[in-house]
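Please look over the sequence and the model shown below before reading on. The briefing that follows goes through the sheet, the helices and the core by topic.

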Amino acid sequence: MATVELRFSALPEHVRTARLVAAAVARRAGVDEAVLDEVRLAVGEACSRAVGLHRSHEITAPVKVALIEEEKQFSIEVGDEVPHATHTPGETGAAEDGDGDVEEDEMGVAVISGLVDDVEVTSGRDGGLIRMTWPTAPPAVALA
């Protein structure tokens with residue numbers, strides 16, 4: 001299992017770099033060329049979401065991205081260090097900070113879910129993580 005880790009300051013201008021790195025590593029891992037635009041968009045959305053959360057909660061820790069190449073699949077994990085309220089989906093109540101961050105966060109996750117078939121979102125007191133997974137093609141066998 002090969003992993004590339006990327007950490008960047010929670011600044012919007014670094015999201016583009018994360019997208020470019022993710023697309024390059026996905027291509028090398030064997031993700032179908034037709035899906036690379038979805039990879040770029042999903043990573044951009046996940047990183048923008050993490051940057052926004054860090055900035056709105058004044059978290060100075062970097063945003064973390066892990067690009068993981070496994071047998072038959074490629075995964076990208078985007079993590080933030082913002083403590084998330086633990087509640088069940090659909091639960092009514094005020095947002096933790098009252099600014100509507102919950103609605104914006106849910107919209108970002110909805111966009112990612114529309115781009116990626118296999119998405120897992122986890123959150124807790126130590127932060128949140130979005131894991132996105134794509135299938136990879138087996139490496140081409142060279143014939144002599």
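In which strand is the place of Ser-75? Ser-75 has its place in strand E3, where helices (H or I, at least four residues) and strands (E, at least two) are DSSP runs, numbered from the N terminus. This is a predicted model, in which local features need pLDDT of at least 70 and side-chain atom pairs count only at pLDDT 80 or more, while totals for chains, interfaces and linings use all residues. Residues are numbered from 1 along each chain as its sequence is written, and side-chain values use heavy atoms, with hydrogens and water left out.

**The sheet**

- Five strands form an open sheet in the order E1-E2-E3-E5-E4, with antiparallel pairing; two strands count as paired if DSSP finds at least two bridges between them.
- The edge strands are E1 and strand E4 (118–124), each of which pairs on one side only.
- Direction ignored, neighbouring strands of this sheet are turned by 15 degrees against each other on average; axes here are lines fitted to C-alpha atoms, for helices over the stretch in contact, and angles run from 0 to 180 degrees between N-to-C directions.
- Strands of a sheet pair through backbone hydrogen bonds, either parallel or antiparallel.

**Strand E3 and its partners**

- Seven of the eight residues of E3 are buried, so E3 is largely enclosed by the rest of the structure; buried means under 20% relative accessible area, exposed means over 50%, and partly exposed lies in between (1.4 Å probe, protein chains only).
- E2 and E3 pair in the antiparallel sense over seven bridges, and within this pairing Val-65 stands opposite Val-78 in E3.
- The hairpin of E2 and E3 has two residues between the strands, and in this hairpin Lys-72 takes a positive phi near 70 degrees.
- E3 and E5 also pair in the antiparallel sense, over eight bridges, with Ile-130 in E5 as the bridge partner of Val-78.

- The side chains of Gln-73 and Glu-70 are joined by a polar contact of 2.7 Å.
- Gln-73 and Ala-26 lie 47 residues apart in sequence and 9.8 Å apart in space, taken from C-alpha to C-alpha.

**Strands E4 and E5**

- Seven bridges join E4 to E5, and the two strands run antiparallel, with Thr-122 standing opposite Leu-129 in E5.
- A hairpin links E4 to E5 through two residues.
- Seven of the nine residues of E5 are buried, so E5 is largely enclosed by the rest of the structure.

**The helices**

- The 15 residues of helix H1 (residues 15–29) should span 21 Å at 1.5 Å a residue, and the end C-alpha atoms of H1 are 21 Å apart, which agrees; the expected span is 1.5 Å times one less than the number of residues.
- The buried residues of H1, among them Val-15, Ala-22 and Val-25, pack against strand E1 (2–8), helix H2 (36–56), strand E2 (63–70) and strand E3 (73–80).
- H2 lies across E1, E2, E3 and E5 and runs at about 15 degrees to E3, where contact means heavy atoms within 4.5 Å.

**The nonpolar core**

- Of the 30 residues in the largest nonpolar core, Phe-74, Ile-76, Val-78, Met-132 and Trp-134 touch the most other members; such a core is a set of buried Ala, Val, Leu, Ile, Met, Phe, Trp, Tyr and Cys residues joined through side-chain atoms within 4.5 Å.
- E1, H1, H2, E2, E3, helix H3 (101–115) and strand E5 (127–135) each supply at least two residues of this core, and the largest share, eight residues, comes from H2.
- Leaving aside neighbours within four places in sequence, Val-78 is in contact with residues including Ala-46, Ala-50, Val-63 and Leu-129.
- In soluble globular proteins, nonpolar side chains tend to be buried together.

Methods:
A polar contact is a pair of N or O atoms within 3.5 Å; within protein, one must be able to donate a hydrogen and the other to accept it, and residues adjacent in sequence count only if both atoms are side-chain atoms.
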